[in-house]
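Below is a report on one chain and the molecules modelled with it.

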Amino acid sequence: MSTWADTARALALVAGCVASAAWAGTADTAAARAALGRTATAAEVAAWDIDVRPDFQGLPKGSGTVAQGQKVWDGKCASCHGDFGESNEVFSPIVGGTTADDIRSGRVAAMTGNQPYRTTLMKVSTVSTLWDYIHRAMPWNAPRSLSADDVYAVTAYLLNLGEIVPADFTLSDANIAGVQRKMPNRNGMTTEHGMWPGRGRPDTHNTACMKDCEATVKVVSAMPDYARDSHGDLSQQQRGFGPTRGVAALASAQAVSVAAAPMAPGAKLTGQYQCMACHALDRKVVGPSFSDIASKYRGQVDAHAALERKVRAGGQGAWGSVPMPPQPQIPESDIRAMVGWILEAK
Ligand code: HEC
Ligand code: HEC
């Protein structure tokens, strides 16, 4: 509620602004500018000054066990990163891809090969960075909410998943330097690039074109041929983000263009329920091709009911050891339509 006192304060503020604008116009000297603001307090500086250096300067005292870390992880981290840091749902996996040999050599061998993904433990060379990053930025939805001891504990848990420290380990400011000597990629850091200060050396070594140069640059984005066929027909799939369909990705894409004959309801449903992320009509993807399924069960009277149960409950073993996830959320009638359509596949 507005009172007379509020109104008076508001007027005083306006008057103050006018006065200081006039002052700035007349007394614009460095000394006058320096008089603005005030020195930050020690507490204010401390609130920003949280970085932990590779030599561990800035690291707060504290400790945490692997077991405590597992509790923190399960409660505050696993929903995004997976129970064992293996999920790539919201970010690349944190754990995986390192070996006992890497821990001995300090260089992650898979980093130099064709390993298609890089986990945090494969890349990070300094354990201080892992500690610092978790402390300042995680959990993503509540950064800086962990105590120092929680950060020690959850870092210990990740290091244990990476087989860098044993399950009964307690990580602390006193022994973290010893852990650094076991980081799998501790020797993987390079300063041989232009980002390293003081070198003035570029990252690229191309020479500028001086004659017969391309007159125009055409910027295109295209799927390389070798990538076709590897994830089914993207134009039939709902992509992960937004209501966008992928491009026609099959080598025979022209033949299966979206504008083809109207789709059977069962076919449409397999797109709607993301079955095509793992299946294709005529090719094994993660799961068997629909035409292989149809020919395997051709003539078997109870196939419909059995496969409806299987799609609902998930399972493995009929085609190999890779499981199909359960999908209990799909209405029975939709499952029936999809299985009916799959069993007709040529
Ligand atoms: C709500 C989802 C979410 C939660 C919960 C979460 N994270 Fe993250 N985490 C992310 C995302 C997203 C990134 C990538 C952030 C970026 O690059 O800006 C990330 C990055 C990381 C990284 C850096 C990986 C790298 O290689 O750069 C670590 C380590 C990490 N998280 C650990 C944790 C820990 C420990 C917890 C629990 C205390 C946690 N996260 C909770 C989403 C989450
Ligand atoms: C995450 C991957 C994945 C998704 C998504 C998926 N499947 Fe499967 N599907 C598989 C795998 C793997 C198998 C082989 C399972 C086995 O060996 O028993 C399979 C097998 C099948 C079979 C044959 C089962 C058998 O016992 O012979 C049918 C039918 C099937 N899927 C239909 C569907 C339908 C319909 C959907 C969508 C609602 C779907 N799948 C989604 C991976 C998946």
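The shell around ligand 1 in this predicted model consists of 14 nonpolar, 4 polar and 1 charged residues. Ala, Val, Leu, Ile, Met, Phe, Trp, Tyr, Cys and Pro count as nonpolar, Asp, Glu, Lys and Arg as charged, and the others, Gly among them, as polar. There are 19 residues around ligand 1, and the nearest are Cys77, Cys80, Thr120, Pro139 and Trp140; a residue is near a molecule if its C-beta atom, placed from the backbone, lies within 6 Å of it. At least two residues of this shell come from each of helix H4 (66-76), helix H5 (78-81) and helix H8 (127-137). Helices (H or I, at least four residues) and strands (E, at least two) are DSSP runs, numbered from the N terminus.

Ligand 2 is surrounded by 28 residues, of which Cys275, Cys278, Gly287, Trp319 and Met324 are the closest. Its shell has 18 nonpolar, 9 polar and 1 charged residues. Helix H13 (303-313) and helix H14 (332-343) each contribute at least two residues to the shell of ligand 2.

Residues are numbered from 1 along each chain as its sequence is written, while chains are lettered from A and ligands numbered from 1 in the order in which they are written. Because the model is predicted, local features need pLDDT of at least 70 and side-chain atom pairs count only at pLDDT 80 or more, whereas totals for chains, interfaces and linings use all residues.

**Helix packing**

H4 also packs with helix H9 (residues 148-161), at an angle of about 100 degrees and with the axes 7 Å apart. Axes are lines fitted to C-alpha atoms, for helices over the stretch in contact, and angles run from 0 to 180 degrees between N-to-C directions. H4 and H9 are therefore roughly perpendicular, the term for angles of 65 to 115 degrees. On the H4 side the contact involves Val66, Gln68, Gly69, Gln70, Val72 and Trp73, and on the H9 side Asp150, Ala153, Val154, Ala156, Tyr157 and Asn160. By class, the residues of the contact of H4 with H9 are 7 nonpolar, 4 polar and 1 charged. Two residues are in contact if their C-beta atoms, placed from the backbone, lie within 7 Å.

H8 has Val127, Ser128, Leu130, Trp131, Asp132, Ile134 and His135 as buried residues. These buried residues of H8 pack against H9 and helix H10 (176-180). A residue is buried if 20 or more other C-beta atoms lie within 10 Å of its own, exposed if 12 or fewer, and partly exposed in between, with C-beta atoms placed from the backbone.

Isoleucine 94 sits in the loop between H5 and helix H6 (100-105). Isoleucine 94 counts as buried because 25 C-beta neighbours lie inside 10 Å. Apart from neighbours within four places in sequence, isoleucine 94 contacts His81, Gly85, Thr119, Thr120, Leu121 and Leu158. Glycine 162 is 68 residues away from isoleucine 94 along the chain, with 9.3 Å between their C-alpha atoms.

The loop between H8 and H9 holds proline 139. The peptide bond from methionine 138 to proline 139 is cis, with omega near -10 degrees. Arginine 144 lies in the loop between H8 and H9, and aspartate 212 in the loop between H10 and helix H11 (265-272). Each has a positive phi in a residue other than glycine, as tabulated. Most residues other than glycine have a negative phi, and most peptide bonds are trans.

| Residue | Phi | Other C-beta atoms within 10 Å |
|---|---|---|
| Arginine 144 | near 65 degrees | 11, exposed |
| Aspartate 212 | near 50 degrees | 6, exposed |

Histidine 193 is likewise in the loop between H10 and H11. Histidine 193 is exposed, because its C-beta neighbours inside 10 Å number 10. From histidine 193 to threonine 204 the C-alpha distance is 9.1 Å, at 11 residues apart in sequence.

**Whole chain and confidence**

The chain has 14 helices and 2 strands. It contains 346 residues, 22% of them buried. Among contacts with a separation of 6 or more, 58% join residues 24 or more positions apart.

The mean pLDDT is 83, and 83% of the residues reach 70 or more; pLDDT is the predictor's confidence in each residue, from 0 to 100. Residues 1-25 have pLDDT below 50, and this stretch has 1 contact in the model beyond near neighbours in sequence. Over residues 254-260 the pLDDT also stays under 50, with 4 contacts beyond four places in sequence. Where pLDDT is low, the predicted coordinates should not be read in detail.

Note on methods. Parallel < 35°, antiparallel > 145°, perpendicular 65-115°, else oblique.
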